[in-house]
Amino acid sequence: MKFQKLSVLLCLLCLNPSLWGRESIRIATENVDLIFRVGDNGRLRQVYLGKKLLNDADIQHLTDGREAYLTHGMEDYFEPAIYVEHGDNNSSLELKYVSHEERILQEGVKETVINLADEKYPVSVKLYYVAFYDNDIIKTHTEIVHKEKKPLMLHKYASSMLHFNKAKYFLTEFSGDWASEAQESTQELLFGKKVLDSKLGSRANMFTPPFFQLSFNGVAGEDTGEVLMGTLAWTGNFRFTFEVDNYNCLRVISGINPYFSNYELPANNIFRTPDFIFTYSFNGKGVASRNFHDWARQFQLKDGQGNRRTLLNNWEATYFDFNEEKLIGLLDDAVKLGVDMFLLDDGWFANKYPRCNDTQGLGDWVETKEKLPNGIGKLIDEAARKGLKFGVWIEPEMVNPKSELYEKHKDWVIHLPNRDEYYFRNQLVLDLSNPEVQDYVFGVVDGLLTKYPQIAYFKWDCNSPITNIYSPYLKDKQTHLYVDYVRGLYNVLDRVKEKYPNLPMMLCSGGSGRIDYKALSYFTEFWPSDNTDPIERLFIQWGYSQFFPAKTICAHVTTWNNKASIKFRTEVAMMGKLGFDIKLSDMTLDEQAYCKEAVKNYNRLKPVILDGDMYRLVSPYTGYHSSTMFVAKDRLKAVLFSFDMYPRYAERMQNVCLKGLDATKMYRVREINLMQGQVSSLRENEKLYSGDFLMKVGLNIFTNQKMNSRVIEIVSE
Ligand code: GLA
């Protein structure tokens with residue numbers, strides 16, 4: 001920590017235009033500098049973004065750069081950050097520096113606010129930058145406000161604009177689809193634009209999540225190369241625009257997707273954009289990911305420092321086909337496995353149109369009498385008797401047209417009044433822009449928790465994008481829908497968090513159709529994919545691990561791809577927040593015994609996996625093998641996972657060098673999680689090595705067997 005003292009408010013006010021041309025503003029973390037300077041014309045320029053400058057005096061030599069927050073209607077010919085329309089139909093905006101303030105929010109966290117204003121129109125824009133010194137993370141957003149007589153029409157309102165001047169740019173995105181989320185691909189950015197965006201509204205990230213990696217000059221590796229990793233904390237439509245101009249300069253504009261989102265802003269109301277969060281690494285992606293993981297656990301994630309419970313979920317074990325007896329049988333399975341909690345999934349509610357499949361019942365949140373004559377209460381009591389916590393699946397923002405809710409409250413549903421409805425997964429989205437609907441959705445959660453205060457967990461699902469796009473509530477402000485929907489959702493989630501601050505919740509959206517860092521301030525973890533084939537999960541979890549720590553990534557053992565052994569399936573799941581979605585009767589006794597042992601091992605290793613440093617050693621994208629290790633913060637313990645996916649015939653195995661250990665310490669290497677009677681074939685098993693050796697020479701972790709896996713515990717002695 002290089003901060004000397006917690007100072008309260010350091011305020012620099014520079015209203016005097018004579019300072020233009022001299023003022024520079026430095027947003028700094030331990031290794032990164034983002035520097036602005038006020039140009040002779042009074043406009044703010046980004047003059048530097050890169051490795052920390054060691055010599056303060058050098059800052060005065062920074063003269064180049066681009067206007068920091070470019071406006072529409074002036075002399076720039078490329079994509080602007082902001083585009084507004086004044087009451088007189090003029091749509092130009094010229095933002096000049098007015099002042100800036102800096103304050104320490106807490107130790108190691110400093111906020112800088114830069115105030116810009118137009119001289120001709122009473123419109124001002126504040127640029128916020130929060131620098132997390134130890135994490136090399138910068139969080140930025142914008143506030144727009146005006147005092148014009150008529151409302152100001154916002155056409156574009158970016159959270160952030162960043163400029164780069166490098167020889168080459170490579171963008172890595174993580175696009176995919178349902179069951180193939182977070183697939184990594186990289187392309188060079190050449191002249192023109194590349195846009196990553198979503199206009200799906202609620203299940204906004206079904207095809208692409210709101211994060212990217214940008215490597216400079218060459219494609220960054222795990223430990224080499226310059227890379228900026230950025231993400232938008234917004235649970236709705238987003239847009240990242242990457243534009244290379246005629247000088248080969250790149251601008252990156254991040255924010256809410258302006259598509260069908262013109263926003264009418266009345267005077268004196270503040271329009272706050274979502275946070276764009278980024279880190280910059282000069283030593284590859286591994287560092288950048290660890291920056292995000294540490295920052296998230298410390299500052300952003302709900303209960304980021306807390307524990308996570310293992311669980312048994314009944315979804316894949318039963319789908320909709322269950323009753324009280326079956327579920328009680330599964331509670332016994334949960335006890336035998338040694339997990340902490342049982343999670344009751346979809347299919348427990350509605351009576352007029354019982355939820356026996358996904359075509360009906362959504363919206364009617366009372367237990368189906370036929371399936372659960374004694375309600376959830378009986379199951380909770382049974383679970384408690386067996387020492388298990390109990391969680392419940394809900395999807396409170398949605399409705400099936402075949403439901404009592406729809407019959408009673410069609411006015412609460414987003415739908416086109418004069419056209420036939422079309423459905424995504426047989427359902428429609430409730431109109432969260434309407435405060436009455438917000439109350440209702442909060443009431444679903446609050447009602448269940450009031451009736452059953454012992455509910456220890458929710459899985460909150462969201463299976464449909466916003467379809468039939470028309471809000472009965474917003475009337476002549478239809479283009480507010482996408483933004484106000486998300487704000488309505490946050491209003492509900494704020495209320496849930498305030499009333500039930502310690503309630504863990506899983507964020508789900510038909511897999512990870514809704515995953516971002518704002519949502520994760522309300523949720524402790526997320527469901528990355530309905531695809532639980534362990535081979536596919538190696539790729540999907542690899543993708544999410546770029547930005548999200550293991551403790552947020554739910555990973556369940558199921559029967560998907562049961563050509564892979566239970567050991568392989570479990571060991572993939574152990575790299576995240578471990579759960580099971582399987583009946584014990586789907587396993588042999590040996591397999592059951594293995595799983596129990598694996599749960600015990602996982603509980604012991606949780607502090608390393610969930611709260612340690614993650615090192616991605618071998619990428620599944622090699623196609624043959626994959627390996628990831630986790631190292632405890634004190635570097636006394638580590639655990640390494642290795643997977644032979646599809647090794648080549650007679651492939652010569654290379655040692656894999658470990659990372660993150662203390663070179664001066666001695667570590668015992670031990671393969672754990674063996675099947676009954678299995679003897680470790682790891683050449684180095686049970687031997688003692690120095691951290692130096694393990695990091696320079698490495699271990700021979702891979703084999704020639706298809707779908708073989710190993711867990712290796714490394715403990716300092
Ligand atoms: C979504 C989720 C699944 C499951 C089903 C229930 O698809 O991703 O895990 O909860 O809904 O309908």
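Tyr 319 is partly exposed, with a relative accessible area of 39%, where partly exposed covers the range between buried, under 20% relative accessible area, and exposed, over 50%, computed with a 1.4 Å probe and the protein chains only. The residue sits in the loop between helix 2 (315–318) and helix 3 (324–337), and its phi is near 50°, a positive value in a residue other than glycine. Helices (H or I, at least four residues) and strands (E, at least two) are DSSP runs, numbered from the N terminus. The model is a predicted one, in which local features need pLDDT of at least 70 and side-chain atom pairs count only at pLDDT 80 or more, while totals for chains, interfaces and linings use all residues. Residues are numbered from 1 along each chain as its sequence is written, and side-chain values use heavy atoms, with hydrogens and water left out.

A positive phi is also found at Arg 425, which has a value of about 50° although it is not a glycine. Arg 425 belongs to the loop between helix 5 (404–408) and strand 27 (428–429), and its relative accessible area of 27% makes it partly exposed. Arg 425 leads on to the ligand, since it is listed with Asp 345, Asp 346, Lys 459 and Asp 530 as the closest of the 13 residues that surround the ligand; a residue is counted as near a molecule or strand if one of its heavy atoms lies within 4 Å of it. By class, this shell holds four nonpolar, three polar and six charged residues, with Ala, Val, Leu, Ile, Met, Phe, Trp, Tyr, Cys and Pro taken as nonpolar, Asp, Glu, Lys and Arg as charged, and the others, Gly among them, as polar.

In the side chain of Arg 425, an N or O atom is 3.0 Å from a ligand oxygen, and for the side chain of Trp 393 the corresponding distance is 3.1 Å. A polar side-chain atom of Asp 530 lies 2.6 Å from an oxygen atom of the ligand. Of the 300 Å² of accessible area that the ligand has on its own, the protein covers 96%; accessible areas come from the Shrake-Rupley method with a 1.4 Å probe, and for residues only the protein chains shown count as cover.

An open sheet of eight strands has the order 30-29-28-25-24-23-32-31, with parallel pairing, two strands being paired if DSSP finds at least two bridges between them. Its edge strands, each pairing on one side only, are strand 30 (525–526) and strand 31 (554–557). Strand 31 is joined by four bridges to strand 32 (residues 577–580), and the two run parallel; here Cys 554 stands opposite Lys 577 in strand 32.

Strand 34 (residues 625–631) is joined to strand 35 by seven antiparallel bridges, and Phe 630 has Val 639 in strand 35 as its bridge partner. These two strands form a hairpin with five residues between them, and Arg 635 in the turn has a positive phi of about 60°. Strand 35 is also joined to strand 38 (residues 708–716) by eight bridges, again antiparallel, and in strand 38 the bridge partner of Val 639 is Glu 713.

Lys 96 has Ala 117 in strand 8 as its bridge partner. This hairpin has two residues between the strands, and Gly 108 takes a positive phi near 85°.

Gln 213 is found in strand 16 (residues 211–216) and counts as buried because its relative accessibility is 0%. Its side chain makes a polar contact of 2.8 Å with the side chain of Gln 546; a polar contact is a pair of N or O atoms within 3.5 Å, and within protein one must be able to donate a hydrogen and the other to accept it, with residues adjacent in sequence counting only if both atoms are side-chain atoms. Not counting residues up to four places away in sequence, the residues that Gln 213 touches include Phe 170, Leu 171, Val 227, Lys 285 and Phe 547, contact meaning heavy atoms within 4.5 Å.
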